[in-house]
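Hi everyone, thanks for making time.

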Amino acid sequence: MKRLKLDRGRAMRAVAWMALGALAGFGIAPFGLWPLTILALAIFFAKAGSGFRRFWLFGFGYFALTLWWIVEPFLVDIARHGALAPFGLFAMCGGMALFWGLGGWLMRRLRLSGPFAAAAVIALAELVRARIFTGFPWAMPGEIWIDTPIAQYGAWGGPLGLTFLTLGLAAALAWLGPRARALAVPGGIAALWAASLALFPALPDPTGGPLVRMVQPNIAQADKWRPETVETLIPLMRDLSVGGTTPDLVVWPESATPWLLEDARGLFEAIAEESGAPLMVGAVSLRGEEFFNSLALVESDVPLQVYDKVHLVPFGEYIPFGETLSQWGISGFAARDGAGFDIGTGPGRLDVPGIGWAQVLICYEGIFAPEVRAAVNAAGARPRLMVLVTNDAWFGRFAGPYQHLVQARMRAIELGLPMVRVGNNGVSAMIDPRGRMTASLPLDQAGRLDALLPQALGATPYARFGDWPAFAAIFLLLGALITIRARKPH
């Protein structure tokens with residue numbers, strides 16, 4: 001009986017840690033309840049101590065809430081993939097939580113204690129999570145600030161710097177006494193808020209300059225390859241691209257049509273000529289025996305400019321050891337069985353007549369801040385804008401598309417560049433260098449959006465220095481905590 005009570009108590013504590021982690025996830029889009037994230041992290045830092053298990057449980061709850069949309073791709077073809085959905089969810093959430101669990105393990109190994117030590121090891125875990133095994137920096141805690149002025153500090157510290165700031169505020173809330181925490185942490189957030197408004201004033205809406213037309217066909221992923229959909233797709237895309245005020249650029253989303261770029265080039269050129277503007281179109285490209293997920297700039301009687309996606313989606317656009325695994329029926333969602341897509345070369349710059357250089361990104365590539373920064377800086381002269389094309393129809397209608405949109409807005413803030421974001425089913429938007437959407441088309445609505453391109457800002461500190469300041473802050477804090485622990489009498 002005593003053993004049963006102990007096991008029941010242990011199980012209830014495990015559920016409590018996971019529930020607290022889930023509470024922390026409510027700051028991430030689409031909820032945006034950032035005070036809950038700060039509060040939940042503070043409670044965890046104050047009560048958890050150290051060790052793998054508690055940190056993993058807390059992380060599992062956090063990622064279960066923020067990444068549950070990962071089941072959506074399995075449901076596009078339920079007969080083929082539906083049974084794998086629960087395993088995919090558990091593997092993703094449990095795998096991401098491993099990084100936080102290892103942070104707790106490291107904290108114990110180093111014999112560290114206290115809220116700031118917990119904040120430091122989770123920040124270190126997020127650093128590793130964003131980079132190892134090609135990285136997956138999705139739902140980082142710093143994203144909670146996107147609809148607040150505090151997001152503008154991303155121009156200084158990037159996503160890792162904002163995450164470190166978030167964890168530090170929660171650690172301070174846990175560390176201070178009851179009377180102090182009632183004033184100091186809210187006061188600190190208010191001070192950061194006010195300083196951001198002064199340091200990063202809102203930009204006015206553009207009143208002139210290039211006009212960009214974003215085309216959002218809103219084709220359900222399950223319907224995209226049906227013959228009846230294909231028959232109506234090009235008339236729909238043409239109607240959305242042509243007519244009205246002549247734009248300076250028309251942008252279609254990722255994999256906008258089911259045809260190969262090489263086969264449909266003449267059709268694309270005809271629509272570009274009829275619209276009176278260059279057409280930037282996402283399409284699958286075949287060269288030799290290699291397939292690419294590509295973005296092309298098409299103009300009538302002008303040589304084609306093509307960018308081939310570099311950072312592919314594991315288990316989506318390619319499968320490690322794919323040729324072998326395909327024999328067992330395991331293949332990517334968006335790619336050919338076995339081989340998947342081939343890796344292109346970067347960085348991707350397309351020269352848009354009358355506008356200038358566009359740094360182009362295809363879907364998943366937009367979540368990797370260091371890679372986007374490196375691409376923007378690679379060619380010397382800064383691009384005039386960034387263009388991100390995507391197909392978020394894979395990721396449902398609730399959390400996934402909105403979280404992906406947040407990351408596009410963060411890239412604009414971090415690099416001081418406007419972003420043209422075009423999705424098959426949305427959200428398509430013109431994003432200014434402060435991360436504000438000056439115009440947008442909502443999710444699941446077919447249409448076109450004409451928007452003036454905002455001016456670019458100068459290179460931000462993050463564009464110049466990248467993540468090095470955030471790296472330094474994390475390791476300085478860890479070093480200070482280790483030094484303090486070593487000097488304490490044993």
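**A walk through the model**

Let's start with H3: 11 of its 15 residues are buried, so this helix is largely enclosed by the rest of the structure. By buried I mean under 20% relative accessible area, with exposed being over 50% and partly exposed in between, using a 1.4 Å probe and protein chains only. Helices here are DSSP runs of H or I with at least four residues, strands are E runs of at least two, and both are numbered from the N terminus.

Quick housekeeping. This is a predicted model, so local features need pLDDT of at least 70 and side-chain atom pairs count only at pLDDT 80 or more, while totals for chains, interfaces and linings use all residues. Residues are numbered from 1 along each chain as its sequence is written, and side-chain values use heavy atoms, with hydrogens and water left out.

Back to H3, residues 52-66. From first C-alpha to last, H3 reaches 21 Å, close to the 21 Å expected at 1.5 Å a residue; that expected span is 1.5 Å times one less than the number of residues. Among its buried residues are Phe 55, Trp 56, Phe 58, Gly 59 and Gly 61.

For angles, axes are lines fitted to C-alpha atoms, for helices over the stretch in contact, and values run from 0 to 180 degrees between N-to-C directions.

Inside that sheet, E3 (residues 279-287) and E4 (residues 290-298) run antiparallel, joined by nine bridges. Leu 286 has Phe 291 in E4 as its bridge partner. Contact, by the way, means heavy atoms within 4.5 Å.

Next, another open sheet of six strands, ordered E6-E7-E8-E9-E10-E11, again mixed. E6 (349-352) and E11 (437-441) each have a single partner strand, so one side of each is left without a neighbour in the sheet. Here the twist averages 20° from one strand to the next. E6 pairs with E7 (residues 356-362) in the antiparallel sense over four bridges, and Asp 351 stands opposite Trp 357 in E7. H13 (residues 369-378) lies across E6, E7 and E8, at about 155° to E7.

So which helices pack at about 140°, with axes 10 Å apart? Those are H7 (residues 115-129) and H16 (residues 468-487). The contact includes Phe 116, Ala 120 and Leu 124 of H7, and Phe 471, Ile 474 and Leu 478 of H16.

Last stop, Pro 258, in the loop between E2 and H11. At 25% relative accessibility, Pro 258 counts as partly exposed. Leaving out residues up to four places away in sequence, Pro 258 touches Trp 225, Val 230 and Leu 233. And how far is Pro 258 from Phe 58, 200 residues apart along the chain? Their C-alpha atoms are separated by 42 Å.

Note on methods:
Two strands pair if DSSP finds at least two bridges between them.
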